[in-house]
Amino acid sequence: MTITPERLSVDRVDEVVRALRTVLADEQILTSKTDRYNRARVPAPFPVHRWGERVPDLAVLPVSTEQVAAIVRIANEYRIPVVPRDGGTGLSDGAVPLRGGIVVDVKRMNQIHELDLINRTVTVGAGISMLKLNEELAKHGLFYPDDPASYPCSLVGGRIGTGGWSLIGSRYGHTRDLVLSFDHVLPTGEIMHVGDGIGQKISKSSSGYQLKHLFMGHQGTLGIATRATLKLFPKPEAELSPFWAFDNYDDAYACTGALARAGVATFAGAVLFDEYKVAYLRRDDEAYIPQPKDVRALVCSVMYGWEDEVRAGGKRLFRIAREHGARYLGDEISQGDWAARHDRYATPLHGRTKAGQVVPMSWHCEDAAINYSQLPAVSKAWHAIIADLRRKTDVFDDWGMFTYTSGNTGVDYLTEIDVGIWEQQLDDAAWEMWVKAKRDIAAVSLANNGSISACHGSCRDGEVDLVPDELGRGFDLMLDIKRTLDPNNIMNPGKYLLDRAYEGHV
Amino acid sequence: MATSETGKVGYRRAEQYTPPAPERASDVAITTFEHVWEVDPRLMQTWVLQQEFPNWDTLRIMNSRHDHLEWMHKHFADKVVTGSELLAEIEAEDSV
């Protein structure tokens, strides 16, 4: 059964509100235009004149798993869409209501329920941010190392729903490794606890199917995480984040690979900035404007741990960098740039027309998971795609590429190209050009044996068309799972081509 | 806030809206105060116009950014090891 995209009538919304009042207080049900529009917006650029398509019919603010379950059961009864929203910082539209309905905003579920100092775990509501959580954990010398570029504003539940990637994941793992288990409301309103086995605080179980990963990274299409138990680490005593300059990309690329393959235990990540990124930073970033013109590529490496370990490992990495012709950029730029990487969403953005004039632009970040050996080929092909757009219009601006290690062996990299988009000028024709470019970018990733996304998800227009190609038989299995768990297609409908699960099953 | 010639604390608008003379930092950027870079005003004439900022606000933004970065470091680790220290140690070891 599919949900028709037509919006609910006022009478129908009133009916749903009356039903919700049997499980929620009035102040937990939001129907004003402001409340609804505030929950339609996400960071990824979209044509301004079409924002109205993405406004929910109402929003709710539950405070418990039981309330979330009751809301989902009501949505099933009335056959209206439910869209979970945590921080709303995702770059693949997971939190965007494509067909109206109820947005379930989990921000009030932000409590710390249990801190287990013996087993080093914490159990929290899905609505807590990592920043606020770590402020509390620091009092006990502990740390939850899930570190997206939206660190101050993204929430634990959103990290579960989108399958988050962490800047320091090469040292500590990513969200899937750090979340031990969680309470989850299925699309039918049933409550399930999912982890390794049925464990609350178990990091490795061989009992039954490994269901935890199935309920992470689904972009809200398989339900809503409400409470999670997380793995904790000692708060690092020391941090080191050297930035090195190179006069060419090839040496910087070789250095990045060598750093990642060095086997240093405190290694938390290496980042390669290409020539386009350096050129972009040289326009506007106070740290890079004064850099000499022979700085054409950059490498950063990050280490966390006890000070003696960080110093020993750091010296090893400095020697590797030197062997590759690196020039250390200095303490101020190294420390300042790295600290700013935890909080990229607070950066005011602007781009340039081809004539050089400053224009207001939003940030679109296309990402993929790419093997080290394929990074130069992917980089070249992606820049060519954006250059083609740029030749046609000033709406798009190439802001360069980063590649970040995803693990501690250097096998694959979160590879991203940042594109400035002049949203005020993003008309239907320009949007179609962009969707085609996104499809082309995803095709390059697949042609290089990569995955369409390492981090954001792959359910936006353009890239999503190629998800069946990437997953093959696995995509058919996704459809089967979706139809089984969400028989009425109420959970975040319209995402990931999952409507196909219901074709012929009305 | 500034102290006037009479010794009273006062606000001199002209003083606050007169930053140091700009110096060219690159083809597309200028500097005013030390460590304060701005986009070349010639590039902000059509779509985004430059805003008038009082000097105190310019300096506040610059200093608060440093505060923010310092706070972020402390959030993630108790101490920051500097690359220059390690580089000096390596060079000393290699010279032995």
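Visitor: Okay, which residue in S15(A) does A:Glu239 stand opposite?

Guide: A:Glu239 stands opposite A:Tyr304. Before we go on: this is a predicted model, where local features need pLDDT of at least 70, side-chain atom pairs count only at pLDDT 80 or more, and totals for chains, interfaces and linings use all residues. Residues are numbered from 1 along each chain as its sequence is written, while chains are lettered from A and ligands numbered from 1 in the order in which they are written.

Visitor: And what do the S and H labels stand for?

Guide: They're DSSP runs numbered from the N terminus: helices are H or I with at least four residues, strands are E with at least two. Two strands pair if DSSP finds at least two bridges between them.

Visitor: How do S12(A) and S15(A) run, parallel or antiparallel?

Guide: Antiparallel, with three bridges joining them.

Visitor: What else pairs with S15(A)?

Guide: Strand S13 of chain A, residues 243-246, is joined to S15(A) by four bridges, also antiparallel. There A:Trp244 sits across from A:Val299. Strand S14 of chain A, residues 267-273, is antiparallel to S15(A) too, over six bridges, and A:Val271 faces A:Cys300.

Visitor: How many of the residues of S15(A) are buried?

Guide: Nine of its nine. Buried means 20 or more other C-beta atoms lie within 10 Å of the residue's own; 12 or fewer is exposed, in between is partly exposed, and the C-beta atoms are placed from the backbone.

Visitor: Which way do those side chains point?

Guide: A:Ala297, A:Val299, A:Ser301, A:Met303 and A:Gly305 go one way from S15(A), and A:Leu298, A:Cys300, A:Val302 and A:Tyr304 go the other. In a regular strand the side chains alternate between the two faces of the sheet.

Visitor: Which residues touch the most other members of the largest nonpolar core?

Guide: Out of its 140 residues, those are A:Ile71, A:Val104, A:Leu298 and A:Val299. S15(A), residues 297-305, gives the most to this core, with seven residues. A nonpolar core here is a set of buried Ala, Val, Leu, Ile, Met, Phe, Trp, Tyr and Cys residues joined through C-beta atoms within 7 Å.

Visitor: What does A:Val104 touch?

Guide: Leaving out residues up to four places away in sequence, its contacts include A:Val60, A:Val68, A:Ile71, A:Val83 and A:Ile224. Contact means the C-beta atoms, placed from the backbone, lie within 7 Å.

Visitor: Switching topic: what's the strand order in that open sheet of four strands in chain A?

Guide: S1-S2-S4-S3, with mixed pairing. Strands S1 (29-30) and S3 (82-85) are at the edges, each pairing on one side only. S3(A) runs parallel to S4(A), residues 102-105, with four bridges between them, and A:Val83 has A:Val103 as its bridge partner.

Visitor: Which helix packs on the sheet?

Guide: H3(A), residues 65-78, which touches S2 (58-60), S3 and S4 of chain A; its direction makes about 170° with that of S4(A). That angle runs from 0 to 180 degrees between N-to-C directions, with axes fitted to C-alpha atoms, for helices over the stretch in contact. The buried residues of H3(A) include A:Val68, A:Ile71 and A:Ile74. Just after the helix, A:Arg79 takes a positive phi of about 55°.

Visitor: Which strand of chain B is joined to S12(A)?

Guide: S6(B), residues 79-80, parallel and with two bridges. Our friend A:Glu239 has B:Val80 as its bridge partner there.

Visitor: What covers the buried residues of H11(A)?

Guide: The cover includes S13 and S15 of chain A, plus H2, S6 and H3 (83-95) of chain B. Eight of the eleven residues of H11(A) are buried, A:Trp338 among them.

Visitor: Last one: why does B:Glu52 count as exposed?

Guide: Because B:Glu52 has 8 C-beta neighbours inside 10 Å. B:Glu52 sits in the loop between S5 (37-39) and H2 (55-76) of chain B.

How values were computed: Contact = placed C-beta atoms within 7 Å.
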